[in-house]
Amino acid sequence: MLIRRPPDLLPSEITPEPLARGRRALLKGLGAGAALAGLGLPQISQAGSLGTLRPSPLSSDEKLTPLKSVTGYNNFYEFGTDKEDPARHAPGRLKTQPWTVTVEGEIKRPRTFSIDDLLKLAPLEERIYRMRCVEGWSMVIPWVGFPLAELIRQVEPNGQARFVEFVTLADPQQMPGVRSPLLDWPYVEGLRLDEAQHPLTLLAVGLYGEVLPAQNGAPIRLVVPWKYGFKSAKSIVRIRFVREQPRSTWMKAGPSEYGFYSNVNPAVDHPRWSQATERRIGEFIKRKTLPFNGYADQVAGLYSGMDLRRFF
Amino acid sequence: MTFQPTPRQLTAIKAALFLLTLLPALHYAHGLWSDSLGANPIEALTRGMGIWTLNFLFLTLCVSPLRKLSGWHWLLRLRRMLGLTAFAYGCLHLLTYLWLDQFWDVDAIARDIWKRPFITVGATAFLLMLPLALTSSHAAIRSLGGKRWQSLHRAVYAVAILGVVHYLWLVKRVALLDPIIYALVLAILLGWRVVERIRLNGPWPTRSTPPAVQPVVFMKRDAAAALGVPKKR
Ligand code: HEM
């Protein structure tokens, strides 16, 4: 089979450049981190490096968003509604050890994984992905993780499994935001099984070569780069294989605003704002938003024949 | 105890207030300069100018109740500056939107105003502010006449209500707390006026005397000042 590679994907057989570049940016980022520490602001956890990572041909070669922005500008409503709240409140409050992820439902081998099991489940790769938030901004983030498909292979879905539901932590002791009655906690997201098995779909355990900072969804989160950022659930505690399409938290909150698929689509506006353009964090002029966030070559086939205006 | 500043003191108070009204703008200007507005400075700027438009609008609406409660009638002399400051922040807010958010893309802006209720409401609020800012001078008060000027400037209530609706509408559900607090404060500010009116004139249906005697007196005094008539102290 001929796999067409979009122009921004580097052939890793030739050079592990994305990784090297990630490292350089990391050093720069750490410089910024040190400056932050001087100001008494929270910085990336000390838990440390994730060792040698495999570069990936699926990585983008775009300029990375600085670590300071990736870890300082987050939507993680369990820790507050301002973009700066997660960085203020999550480190130090979110306990990521011990941590387990229960995998259950329509599978042959249900199992509860410890975070250490998950770190050893498959070789860790660096994946540099674009991330497009539904609010109209974007970043380029060097994630560290492994394909969700690897986990799915190990638990063996039975013939009934059609969707995968991700349930995330909702502990009022650690997460002040979940006392808010305005969203239905715990935060739940879902994918169709074939979306979950797609090679781009990642379970991330780190970024910039380091363990995932609390505010980015430690210790383990989903990354689905062709969908709006809110689909990539953070701090996952349960993965359920189900027959029916799950109702996600945002679908319950605003069915007309947030659909199940939520693929990045410049042609379908959010009811309250346009999705045609985006501001890449750190840039002045807005960019045009690309269908499927620029991953159309890899994923458009998943939706052939579907009316993407109806299934938004 | 009622405090009544001398003309010189009043000038000093006005100068101090003017400097205070510049502070939010200076804060954001410095933030842009020193890159300390976070990862998305343009969003922070747009939102900052929006919230300070509303803040100054609310401060403007505080003048009448404060004057009534404290007996400091001279507070009225600060109201125009507060109102014009709200308008100035409104202009900056609109400018950040037109320039930094839309880059003067006329098509996109027209579509936005037409399609997005929260933008439509904000634009309506801004349009309503325009005539109020344009008729803020003593000369305008004089040529309109106190009463007509006053009924025109009641539009400020609509501006405040539309501003809060704009705010409520644009935030995500989880972030509703702040705009709800603004809505409650506005309810108090407007509710106070309703209660005052009823107290002065009786309930609406039985009202027979012309309303709002007090404010008209003050309009006259302001107009007199504009005409250069020296005031008794
Ligand atoms: C043509 C007129 C206007 C336009 C196009 C406009 C547009 C906007 C936009 C795009 C935002 C940011 C939304 C976001 O970041 O998600 C915003 C926020 C805001 N605007 Fe406006 N606006 C207008 C007029 C006004 C007026 C007249 C007021 C006040 C009376 C106002 C008050 C606010 C407030 C309070 C916010 C939210 C600030 C925050 O989140 O802290 N806007 N507006």
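This briefing describes the fold, the interface, the salt bridges and the iron site of the structure shown above.

The model is predicted. Chain A contains eight helices and twelve strands, and buried residues account for 56% of its 312 residues. Chain A meets chain B in an interface of about 2,100 Å² of buried area, and elsewhere in the structure an iron atom of the ligand is held by two histidines of chain B, His93(B) and His166(B).

**Strand β4 of chain A and its neighbours**

- Strand β4 of chain A spans residues 137-147, and because eleven of its eleven residues are buried, the strand is largely enclosed by the rest of the structure.
- With strand β3 of chain A (residues 125-132), β4(A) forms an antiparallel pairing over eight bridges, and within this pairing Ile128(A) has Pro142(A) as its bridge partner.
- The hairpin made by β3(A) and β4(A) has four residues between the strands, and there Gly136(A) adopts a positive phi near 100 degrees.
- Strand β7 of chain A (residues 202-207) also pairs with β4(A) in the antiparallel sense, over five bridges, and Leu207(A) in β7(A) stands opposite Trp143(A).
- The pairing of β4(A) with strand β11 of chain A (residues 277-280) is parallel and runs over two bridges, with Arg280(A) in β11(A) as the bridge partner of Ser138(A).

**Contacts within chain A**

- When contacts in chain A between residues at least 6 apart in sequence are considered, 72% of them join residues that are at least 24 apart.
- Val268(A) lies in the loop between α7 (249-253) and β11 of chain A, and with a relative accessible area of 17% this residue is buried.
- Leaving aside residues up to four places away in sequence, Val268(A) touches Gln275(A), Leu308(A), Arg309(A) and Phe312(A).
- The C-alpha atom of Val268(A) is separated by 10.0 Å from that of Pro291(A), a residue 23 places away along the chain.

**Interface of chain A and chain B**

- Chain A contributes 26 residues to the contact and chain B contributes 19 residues.
- Of the area buried between the two chains, which is about 2,100 Å², carbon and sulfur atoms give 55%; on the side of chain A, Leu182(A), Arg272(A) and Arg279(A) supply 32% of what that chain buries against chain B, more than any other three residues.
- Four salt bridges are found across the interface of chain A and chain B.
- In a salt bridge with an N to O distance of 3.2 Å, the side chain of Lys115(B) meets that of Asp269(A).
- Lys115(B) counts as partly exposed at 43% relative accessibility, and Asp269(A) is likewise counted as partly exposed, at 26%.

**Salt bridges in the structure as a whole**

- Over all chains, a search of the whole structure finds 28 salt bridges.
- One of them joins Glu104(A) to Arg238(A), whose closest N and O atoms are 3.0 Å apart; this pair links distant parts of the chain, with Glu104(A) in strand β1 (residues 100-105) of chain A and Arg238(A) in strand β10 (residues 236-242) of chain A, 134 residues apart.
- Glu104(A) is partly exposed, having a relative accessible area of 23%, and Arg238(A) counts as partly exposed at 33%.
- Another salt bridge is formed by Arg109(A) and Glu156(A), with 3.9 Å between the closest N and O atoms; Arg109(A) sits in the loop between β1 and β2 (111-114) of chain A and Glu156(A) in the loop between α5 (148-155) and β5 (163-168) of chain A, 47 residues apart.
- Both members of that pair are partly exposed, Arg109(A) at 49% relative accessibility and Glu156(A) at 31%.

**Iron site in chain B**

- The protein donors of the iron atom of the ligand are the NE2 atoms of His93(B) and His166(B), which lie 1.9 to 2.0 Å from the iron.
- The site of the iron atom is octahedral, with angles of 86 to 180 degrees among its six donor atoms.
- The two histidines come from distant parts of the chain, 73 residues apart, with His93(B) in helix α3 (residues 79-101) of chain B and His166(B) in helix α8 (residues 155-170) of chain B.
- His93(B) is partly exposed, with a relative accessible area of 23%, whereas His166(B) is buried, with a value of 16%.

Technical notes
Residues are numbered from 1 along each chain as its sequence is written. Chains are lettered from A and ligands numbered from 1 in the order in which they are written. This is a predicted model: local features need pLDDT of at least 70, side-chain atom pairs count only at pLDDT 80 or more; totals for chains, interfaces and linings use all residues. Side-chain values use heavy atoms; hydrogens and water are left out. Donors are N, O and S atoms within 2.8 Å of the metal (3.2 Å for Na, K and Ca); water is not among the atoms, so sites may look incomplete. Four donors count as tetrahedral if all angles lie between 85 and 135 degrees; four count as square planar and six as octahedral if opposite donors are over 155 degrees apart and all others between 65 and 115; anything else is irregular. Buried means under 20% relative accessible area, exposed over 50%, partly exposed in between (1.4 Å probe, protein chains only). Two strands pair if DSSP finds at least two bridges between them. Contact means heavy atoms within 4.5 Å. Buried area is the accessible area (1.4 Å probe) that two parts lose on being put together, summed over both.
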